Each structure stands twice: as C-alpha cells, then as structure tokens.
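Morning, everyone. Please have a look at the structure on the screen, and I will talk you through it.

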Amino acid sequence: MKTGISIFIAAFVALGASWCGLVLAPSLQLGGAKETVVLQSADHWPQQRTGDATLGLQVYRASGCAACHTEQIRQTGVATEVTVTGLGAHQPDDFGAFVKSLFILPTLVEYTNAIAASLQGWHGELPRTLLTSANQQVVSEMANRLKAIGVKSETRIVPQGDDIIARGWGYRQSVAADYLYDQPVQLGGLRAGPDLSNIGVRMPDANWQWQHLYAPKSVVKTSTMPSFKFLFEVRPVGHVPSPDALKLAADFAPGPGLEVVPKPEARQLAAYLLSLKANVPLYEAPFTPVTAVK
Amino acid sequence: MSDENPSCPTPSGGEPTSTRSAAPMWIIVTTLVLLFLGGYYFDQHSGWFNPKVYAPYPNAEALGAYQPMSGDAAALARGKTVYESVCGICHGADGLGKPGQAPALAASELVITKGFNRLAHIPLAGLNGPIKVCGKDWSMAMAAMGAALPDDDLAAVLTYIRGAWGNKAGPVTGDDIKKIRAEIGKAPQVMTGDMMMKLPE
C-alpha cells in the first residue's frame, strides 16, 4: 500500500484535469448563454415554449424519438447570390448583352459559364438568380455593375450543405442558442428518419402529426417509423364527435362508431413538435429569408 | 572474454557506472514555469474560442462580413459603393476632384451646406457654367448624373459625400430627395451657378 497514496493523487489529478477541461471550461464559456436577437428585427430568440410543449419534450424523450431522429442541421458552407429583381428601362435581350459584356472582368472569369447558363432560355421572368458565389467581392462587383445601369438586384446569403439544400430540413445550421430551452437537449445521433429541428415549419398541422404518430403508414405509405398507438385513446363517438378526433384514412380507422383521440401525452408531443422551428437568421448563422425577394 | 585475467590492472577510477543524478533543478523549474505561463495565456484567450463563431465561418471577421447591415451603417456603405461607381469617376474616390475634369467635393462650400436643397439640385438637374469651389473658379458642365438613381441611393450618396473626407454635414433621407425631385419635375432644366445660388439653401 506504499504506492496507494500516489496512485490516488495521480488519478485525482487526471480526472480533475479532464473535468476542468470537459465540464468546467465549456460551462464557463457557454453556460451563461442568453436569448439572442433575430437579425434585422427586435425579436428575441429562442422563444420560451408553452407549458404543453415543455412537457412534450419529456414525452419525446420517453418515447425514444431521439433514437431515430436528430435535431441538428449541418452546414458546410455559405454562398451569396445576386438576384435580379427589376430590369428598369432595360429589355431582357440588351440586359443579357450587357451581362455578357462583363465577362472580360478578371473577377468574373471563373463564373462566365455559370452566368451564361443562368441566362439560358430566359425571357425576362423575375426574380432571376444571376450568380452564386462564395466570394463576396465577386458578388458586390456584380451588384454594383447592375446598379450602375439602373437594374435592381438583391444579394442573398444562402447557407450551403446537403441538410439545407438537398434534404430541405432547415434554413441554416443549428447553433447553441437554438437549444436554450431544451432540457435535456435532444440532439440525437442517428438519422433513421428526417431531422426534426424545423418540423414545426414543415408540418405545422397538429392533426397530421397525430395521424402520423398513430399510424405512420396512413400518411407516408412507405414509412418504417413505428406506430405510437399508446399515446391515443380509441373510444365510442359521443353525441358530438370530438373536434380533435384523428382524420384517419378508412384503412386505418378503428371501425364504425369509434374515434381515435389524442391522450394528453400526444397533445403535448404535438405541441413540442410544432414548437421546433429554426427559421430565423441569427448573428452566428446569418442567411437572407426567402420572403425578402418579391 | 571469460578468459580475461583478473589480475590485470584496470584503468584508474574503475568501470563507469550509471548513477541516479537528476536533471538540474533550474531546468525543471523553468520548464514548469514556462508551461504554466503558456497554459495561462492560452486559457486567457479561451484557446481563441468564440461562442458566436461556427464552422464554416473561420473567424469573427469572416462572419461579420456576412451580417446584413442596418440603418446608418448600411446607408453609408451603400453611399460609398454608389459614389464610387457613379460619381467617383470624375470627382475621385478621395473626393479631391480631378484637375480639368471635376471640382473637389471634400470641403467644398457647395457640399457642406446647412440645408441640402441646392446640393440635391446639382445631381438631379445638372450644373453648367461658372462656379467657385474652395477658392478656385470652375466653368464646366455636369449632366444630371443622379437623376437616374433611386431616391434612397441618391440620398445615400449625398449623405456619404457630406460625411466623408472630413466633411461634417448632416444626412439626407430618401423622402427629402423624393420631395426635391417632385419640385424639379419631370423635365429638369440644367442650372447655372447663379440660378443655383438663388435657390433656398
């Protein structure tokens, strides 16, 4: 036992150091996070959830949804787009000729093919995206040239990445602020189903959510998601049918004289799902909301 | 080697042996102090961690470049871009004018006026004939270079030239320009310096 004390001290120092590095330092750096402000507005982000939605997080957790669903949108890059929104006094043809006359500019050399392609088969429909580039200098050069001939254009920040572009799961990457009111955070690590960070925007109908939870195949034919029937009650229809009764397709309905109504857990879960939105630009994850282009 | 004769004399001092002499104390102490200071410095800067910066943005500066500007900063930045692409060709990016081409805007008594009615008339209607700028006589012509610009952009340009290069005159808004443009009407008449001076400042 002579070395016992030194083994204890070594273990204590090693564990203490990793506790400092992995727990203490991050909580000093991020633990004090507060609500932030939505870009170009006075709104705060994120919004505190309603009571039902807060309880819904616990239902989500207890049902093991995080085993198949993530709540984290990844972003691999960012690009800026120049979109023409008004031609002023110009006609599409002479505007096209003007744009081609810019191809000799050294900054645009790399982009000539892409710009030419964006003008292919174009008859003046607006808005039209002319140029997409990660290089802001190129973009502002183009915007200035358009400005100088009186053509109206808008430059938009467009986050890149498969989660955002190909899968359409969100508008921007998830950042720490998004999870401020999640206790515990349901990041998830496996994507058997789609990411749910933004499901409240994608599927804002509570009844759809209930139908999907009760019988996933009733709304998505090929769904492999298990059904969560225990969150619902099948009961005889009363004098007046319940307004919240699930609008199920005939194949999935429980039979004549019966209706399926959500239990409180299903209500809370749906409230939580509808509260999942990551659709506003923040300082740490800027983008230009689509509504800006008229 | 086993047949070595043990009675042979060995070199004085005997065989070298290894001892347990430690590294000098001062090296250990200096190393520890340096490690501590390095760690402390790294920690003070949080390892250059910034809770607002996420990949793919490499640092706060790159992220800042993607922030939409608002209010005054946006108008000033807009004004600079429009100035450099529309007016700068003649008046120079530094606002000092170009000999034989256009007079200076920096410190020009026609720019840093209290009101901006006269000033706004220059790019909207054009200016022709003798004027005096910073004590120098000019007699050239400027077409209505600003007439084609949207109200907000022209306001941004005027705000910019009234605030850049050491000029310290107040801002101009898009609504002001709209009013002045309406007064001038659809077919502006190119002003002479004298006509301009008769306008209210």
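I will go through the sheets, the helix packing, some backbone details and the contact between the chains.

One thing to keep in mind: this is a predicted model.

Let's start with chain A and its sheet. It is an open sheet of three strands. The order is β4-β3-β5, and the pairing is antiparallel. Which strands stand at the edges? They are β4, residues 128-133, and β5, residues 152-160. Each has a single partner strand, so one side of each is left without a neighbour in the sheet.

Helix α5 of chain A, residues 136-148, touches β3, β4 and β5 of chain A. The direction of this helix makes about 150° with that of β4(A).

Let's look at one strand pair in there. How many bridges join β3(A) to β5(A)? The number is nine. Strand β3 covers residues 77-86 of chain A, and the two strands run antiparallel. If you want a pair to find on screen, take V84(A): the bridge partner in β5(A) is S153(A).

A quick reminder for those new to this. Strands of a sheet pair through backbone hydrogen bonds, either parallel or antiparallel.

One pair to look for: L127(B) has M191(B) as its bridge partner in β3(B).

On to helices. We stay in chain B, with α4 as our reference. Helix α4(B) spans residues 117-125, and helix α6(B) spans residues 174-184. Their axes come within 10 Å and cross at roughly 65°. Angles of 65 to 115 degrees count as roughly perpendicular. Therefore α4(B) and α6(B) are roughly perpendicular to each other. The crossing is right-handed.

Who touches whom? From α4(B) we have N117(B), A120(B), H121(B) and L124(B). They meet I177(B), I180(B), R181(B), E183(B) and I184(B) in α6(B). By class, the residues of this contact are five nonpolar, two polar and two charged.

Helix α4(B) also packs with α5(B), residues 151-163. The angle is about 125°, and the axes are 11 Å apart. That makes α4(B) oblique to α5(B). This crossing is right-handed. On the α4(B) side you find L119(B), A120(B), P123(B) and L124(B). On the α5(B) side are L154(B), L158(B), I161(B) and R162(B). The residues of this contact divide into seven nonpolar, no polar and one charged.

Back to chain A for one more helix pair. Helix α7(A), residues 206-214, packs with helix α9(A), residues 264-275. Their angle is about 120°, with the axes 10 Å apart. So α7(A) and α9(A) are oblique to each other. The crossing is right-handed. From α7(A), the contact includes W210(A) and L213(A); from α9(A), it includes L269(A) and L273(A). The classes here are eight nonpolar, one polar and one charged.

Next, backbone details. Where are the cis peptide bonds? One joins Q183(A) and P184(A), with omega about 0°. P184(A) sits in the loop between β5 and α6 of chain A. Another joins A55(B) and P56(B), with omega about 5°. P56(B) lies in the loop between α1 and α2 of chain B. Then look at C134(B). It has a positive phi of about 50°, although it is not a glycine. C134(B) is in the loop between β1 and β2 of chain B.

Last stop: the two chains together. How many residues does each chain bring to the contact? Chain A brings 21, and chain B brings 19. Between them the chains bury about 2,000 Å², with 57% of it on carbon and sulfur atoms. In chain A, Q29(A), K147(A) and Y283(A) lose the most area to chain B. Together they make up 29% of what that side buries.

That's my tour. Thank you.

Definitions and conventions:
Residues numbered from 1 in each chain as written. Chains lettered and ligands numbered in written order. Predicted model: local features only at pLDDT ≥ 70, side-chain atom pairs only at ≥ 80, totals over all residues. Heavy atoms only, no water. Axes fitted to C-alpha atoms, helices over the stretch in contact; angles between N-to-C directions. Helix = DSSP H or I, 4+ residues; strand = E, 2+ residues; numbered from the N terminus. Parallel < 35°, antiparallel > 145°, perpendicular 65-115°, else oblique. Left-handed = near helix turned anticlockwise from the far one by under 90°. Contact = heavy atoms within 4.5 Å. Nonpolar A, V, L, I, M, F, W, Y, C, P; charged D, E, K, R; others polar. Pairing = 2+ DSSP bridges. Buried area = accessible area lost by both parts, 1.4 Å probe.
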